[in-house]
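Please open the structure in a viewer and keep the selection tool at hand.

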Amino acid sequence: MAEATGFRYVERADGTVVIWHHGRTAGTLRGGRAARFLAEVDDDPQLVMARWTGNYRRGNERTAQRHPRNQG
């Protein structure tokens, strides 16, 4: 799988974690989910953020939509 890039996250004072992807909010985590994310994010931050936000399936989806076998 290609390496995910363009992600960053901010941990707020109230414990909320906001994940950004290319300058847009990709997800907001609160409570236990935020704690689990913070425990996991040290491994490989870009891929972890991609997986938690669902933005890890990027690549050939648009190309596949235009393929003749997918038309009609």
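Predicted model: local features only at pLDDT ≥ 70, side-chain atom pairs only at ≥ 80, totals over all residues.

Which residue is the bridge partner of Tyr9 in β2? Select Tyr9 and look across to β2: the partner is Ile19.

Glu11 has Val17 as its bridge partner in β2. Five residues lie between the strands of this hairpin, and Gly15 takes a positive phi near 95° there.

Next, select β2 together with β3. These strands also pair in the antiparallel sense, over five bridges. His21 stands opposite Arg24 in β3. Two residues separate the strands of this hairpin.

Select His22, which is placed in the loop between β2 and β3. Its phi is positive, at about 50°, although His22 is not a glycine. Is the residue buried or exposed? His22 has a relative accessibility of 58% and therefore counts as exposed, the cut-off for that class being over 50%.

Now show β1, β2 and β3 at once. They form an open sheet in the order β1-β2-β3, with antiparallel pairing. Strands β1 and β3 (24-29) stand at the edges; each has a single partner strand, so one side of each lacks a neighbour in the sheet. From one strand to the next, the twist averages 25°.

Keep the two helices displayed and select Glu40 and Arg51. What is the distance between the closest N and O atoms of this salt bridge? In the salt bridge that Glu40 forms with Arg51, these atoms are 1.9 Å apart. Glu40 belongs to helix α1 and Arg51 to helix α2, so the pair ties together parts that are eleven residues apart in sequence. The count of salt bridges comes to one. Side chains of opposite charge can pair when their charged atoms come close. Arg51 has a relative accessible area of 45%, and is therefore partly exposed.

**Thr53 in helix α2**

Move along to Thr53, which lies in helix α2 (residues 45-53). Why is Thr53 classed as buried? Its relative accessible area is 19%, and buried means under 20%, so Thr53 falls within that class. A polar atom of the Thr53 side chain lies 2.9 Å from the backbone oxygen of Met49. Apart from neighbours within four places in sequence, Thr53 is in contact with Phe7, Ile19, Ala26 and Gly27.

**Colouring by confidence**

Finally, colour the chain by pLDDT. The mean over the chain is 82, and 74% of the residues reach 70 or more. Which element has the lowest mean pLDDT, and which the highest? Among the elements of the chain, helix α3 (residues 61-66) has the lowest mean, 63, while α1 has the highest, 95.

Technical notes
Residues numbered from 1 in each chain as written. Heavy atoms only, no water. Helix = DSSP H or I, 4+ residues; strand = E, 2+ residues; numbered from the N terminus. Buried < 20%, exposed > 50% of the residue type's maximum accessible area, 1.4 Å probe, protein only. Polar contact = N/O pair within 3.5 Å; in protein donor to acceptor, adjacent residues only side chain to side chain. Contact = heavy atoms within 4.5 Å. Pairing = 2+ DSSP bridges. Axes fitted to C-alpha atoms, helices over the stretch in contact; angles between N-to-C directions. pLDDT = per-residue confidence, 0-100. Salt bridge = Lys/Arg side-chain N within 4 Å of Asp/Glu carboxyl O.
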